[in-house]
Amino acid sequence: MSPNLAAFLYLASGILFILALRGLSSPETSRQGNLFGISGMLIAIIVTFLVAESFSKEFIYVLIFLSAGGIIGSVIAYKIPMTAMPQLVAGFHSLVGFAAVLVAISAFLEPNVFNLGTVGNIKTASLIEMSLGASIGAITFSGSVIAFLKLQGIMSGSPIIFRGQHILNGLIGILIVVSIVYLCISQLPQLFWILILISFLIGFLLIIPIGGADMPVVISMLNSYSGWAAAGIGFTLENTALIITGALVGSSGAILSYIMCKGMNRSFFNVILGGFGATDDTAKNIEKKPVKSGNAEDAAFLMKNASSVIIVPGYGMAVAQAQHVLREMVDFLKKNGIKVSYAIHPVAGRMPGHMNVLLAEANVPYDEVFELDDINNDFANTDVAFVIGANDVTNPAAKTDLQSPIYGMPVLDVEKCKSVLFVKRSLSPGYAGIDNELFYRDNTLMLFADAKKMTEDIVKNLN
Amino acid sequence: MEIDPFIFRLSIFILSIFIGYYVVWSVTPSLHTPLMSVTNAISSVIIVGAIIASLASENNSNFEISNIFGFFAILLAAINIFGGFLVTQRMLQMYKKKKKK
């Protein structure tokens with residue numbers, strides 16, 4: 001195939017990827033969008049084979065590894081429970097990162113294959129591009145591995161902080177830049193290996209101080225990095241499909257990180273520097289204030305006599321896998337003519353849109369699910385708010401208490417409802433390490449239990 | 001003086017960032033999780049580089065070292081491509097509208 005035709009087809013595949021993202025502007029067009037994405041990928045792969053025009057023994061191995069990866073990927077995609085989506089995405093990011101490192105290494109070892117010059121005499125521009133691709137890829141890999149371990153619960157979600165952390169990270173950052181510069185001057189292969197090693201190291205170090213509930217930002221950021229790594233490799237290979245895709249993914253991840261930070265009213269650097277929620281001082285000062293606690297029967301009674309209910313789900317719902325039984329409960333309420341809607345905070349859960357997927361899995365129609373801005377005014381006219389597994393995102397202190405670490409964060413105005421049902425296992429503070437004054441309000445009824453167990457009991461009582 | 005082709009690629013890159021910016025802002029928040037899984041799948045188009053590395057051959061008897069790295073990169077990228085698109089499809093299938101009675 002002529003290189004010019006190939007370049008056009010790579011452009012076509014880039015455009016199909018743009019359409020794939022465009023499709024996600026509404027659930028109706030999204031499935032078609034995904035098909036665009038798949039066709040874009042098919043075109044890119046087939047064109048690459050046709051350009052190479054090499055159908056020797058290597059080709060057989062390519063097919064073997066391609067199918068092996070395809071089978072593994074498909075099995076994972078069908079087996080994975082929806083609650084595990086954040087760690088799945090983190091795991092997938094690490095693979096993209098590692099693949100970028102591997103491609104950069106082969107380009108470095110055999111530059112002639114990619115028309116980049118000869119060993120020890122690689123074009124400077126290509127060297128910069130592949131160093132950046134390899135370095136960002138390595139950071140994506142090791143950072144995503146840590147994010148995966150934290151989300152999967154293999155590693156504690158609490159931040160790991162030590163003295164001089166930021167100085168160390170800063171030094172490594174400078175070292176990365178220095179080694180790229182020297183690599184371009186000297187072409188020494190050792191420098192390339194050192195660069196990759198310290199990039200792996202900085203990836204680990206960057207993510208360990210960031211706590212579990214900040215993972216939405218971390219995952220979005222790593223999503224962005226995987227895009228920039230792909231773009232770096234795209235420049236090395238002079239491939240338009242990769243350049244376009246890298247730019248799309250890079251900006252997508254960056255926008256998601258921005259939305260997540262705004263959802264917490266924290267700056268990107270505040271999240272990335274980490275350590276949030278590590279200090280526990282406020283938790284010790286909690287005075288024993290009276291709370292009203294109730295059981296499933298009380299909750300069922302309250303909701304049965306309401307005319308409108310808003311459900312506020314959070315990460316606790318995902319942990320307890322309570323979304324299906326929650327939908328059953330809502331079905332009962334709707335049968336009794338009660339208006340039910342769901343309110344989702346931007347940072348509810350462990351990744352952007354986490355709660356929406358879980359509710360969709362439980363067959364909740366997406367037009368009953370609302371974002372914070374769209375529903376926040378409705379709480380004042382609602383009888384019951386049912387908070388299940390959320391905490392900090394409902395804390396009224398964010399609006400009133402200037403001293404609070406979460407002051408200024410947009411929160412759901414659940415306290416404006418006539419009554420609030422709060423399903424929670426104990427009075428322990430949420431991620432921000434602060435007490436939620438909502439627990440002690442007169443119109444709040446605490447339901448101390450596991451989210452799934454409690455909802456099941458409520459369903460029994462509604463019957 | 002001729003324009004370096006690098007500048008053209010850089011232009012494509014910068015324009016794509018702008019396209020990405022506007023397209024992603026138009027994505028509805030309820031689909032942010034599928035957005036992440038699909039961007040993950042499409043960024044695996046890096047498989048293109050892996051295939052080029054794998055197919056390079058100078059002598060016919062042995063694999064070059066870049067072949068080996070290429071094979072592993074293909075494996076990783078393929079997991080992502082299939083896993084990413086299929087899991088996105090699976091998620092999108094679940095988003096349903098209220099049935100009109």
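How many residues of chain A are in contact with chain B, and how many residues of chain B take part in return? In this predicted model, 103 residues of chain A are in contact with 81 residues of chain B. The size of an interface is often given as the accessible area lost when the parts come together. By that account, the area buried between chain A and chain B is about 8,500 Å², and carbon and sulfur atoms give 77% of this area. Within chain A's share, Leu24(A), Arg31(A) and Phe65(A) supply 8% of the area buried against chain B, which is more than any other three residues supply.

One place where the two chains meet is a pair of helices, α3(A) and α4(B). Two packed helices are described by the angle between their axes and the distance between the axes. For this pair, the axes come within 7 Å and cross at roughly 35 degrees, and α3(A) passes α4(B) in a right-handed crossing. Sorted by class, the residues of the contact between α3(A) and α4(B) comprise 17 nonpolar, six polar and three charged.

Helix α4(B) also has a partner within its own chain. Helix α3 of chain B, residues 47-55, packs with helix α4 of chain B, residues 65-94, at an angle of about 150 degrees, and the two axes are 7 Å apart. Angles over 145 degrees count as roughly antiparallel, and α3(B) and α4(B) are therefore roughly antiparallel to each other. Their crossing is left-handed. On the side of α3(B), the residues that meet α4(B) are Ile47(B), Ala50(B), Ile51(B), Ala53(B), Ser54(B) and Leu55(B), while those they meet in α4(B) include Phe71(B), Ile74(B), Ala77(B) and Ile81(B). The contact of α3(B) with α4(B) holds 11 nonpolar and four polar residues, with no charged residue.

How many of the nine residues of α3(B) are buried? Eight of them are, so that the helix is mostly covered, because buried here means under 20% relative accessible area. The buried residues are Ile47(B), Val48(B), Gly49(B), Ala50(B), Ile51(B), Ala53(B), Ser54(B) and Leu55(B). What covers them comes from both chains: the cover includes α4 of chain B together with α1 (3-23), α2 (27-52), α3 (57-79), α4 (85-109) and α8 (215-237) of chain A.

One of these covering helices, α2 of chain A, contains Gly33(A). With a relative accessibility of 1%, Gly33(A) counts as buried. Setting aside neighbours within four places in sequence, Gly33(A) is in contact with Leu19(A), Ala20(A) and Gly23(A). The C-alpha atom of Gly33(A) is separated by 8.4 Å from that of Phe17(A), a residue 16 places apart from Gly33(A) along the chain.

A further helix pair lies within chain A. Helix α5(A), residues 124-152, and helix α6(A), residues 165-186, pack at an angle of about 150 degrees, with their axes 9 Å apart. The two helices are therefore roughly antiparallel to each other, and α5(A) passes α6(A) in a right-handed crossing. The contact is made by Thr124(A), Leu127(A), Ile128(A), Ser131(A), Leu132(A) and Ser135(A) of α5(A), and by Ile176(A), Ile180(A), Leu183(A) and Cys184(A) of α6(A). An α-helix has 3.6 residues a turn, so residues three or four places apart point the same way. By class, the contact of α5(A) with α6(A) has seven nonpolar and three polar residues, and no charged ones.

The remaining stops are in loops of chain A. Gln321(A) is placed in the loop between α13 (315-320) and α14 (323-335), and its phi is near 55 degrees, a positive value in a residue other than glycine. Asn363(A), in the loop between α15 (354-361) and β5 (369-371), likewise has a positive phi, near 70 degrees. Gln321(A) is partly exposed, with a relative accessible area of 35%, and Asn363(A) is also partly exposed, at 45%.

Gly389(A) is in the loop between β6 (384-388) and α17 (397-400), and at 23% relative accessibility it counts as partly exposed. Not counting residues up to four places away in sequence, Gly389(A) touches Gly314(A), Tyr315(A), Gly316(A), Met317(A) and Val423(A). The C-alpha atoms of Gly389(A) and Ala348(A), 41 residues apart along the chain, are separated by 9.3 Å.

How values were computed:
Residues are numbered from 1 along each chain as its sequence is written. Chains are lettered from A and ligands numbered from 1 in the order in which they are written. This is a predicted model: local features need pLDDT of at least 70, side-chain atom pairs count only at pLDDT 80 or more; totals for chains, interfaces and linings use all residues. Side-chain values use heavy atoms; hydrogens and water are left out. Axes are lines fitted to C-alpha atoms, for helices over the stretch in contact, and angles run from 0 to 180 degrees between N-to-C directions. Helices (H or I, at least four residues) and strands (E, at least two) are DSSP runs, numbered from the N terminus. Angles under 35 degrees count as roughly parallel, over 145 as roughly antiparallel, 65 to 115 as roughly perpendicular and the rest as oblique. A crossing is left-handed if the near helix is turned anticlockwise from the far one by less than a right angle, and right-handed if clockwise. Contact means heavy atoms within 4.5 Å. Ala, Val, Leu, Ile, Met, Phe, Trp, Tyr, Cys and Pro count as nonpolar, Asp, Glu, Lys and Arg as charged, and the others, Gly among them, as polar. Buried means under 20% relative accessible area, exposed over 50%, partly exposed in between (1.4 Å probe, protein chains only). Buried area is the accessible area (1.4 Å probe) that two parts lose on being put together, summed over both.
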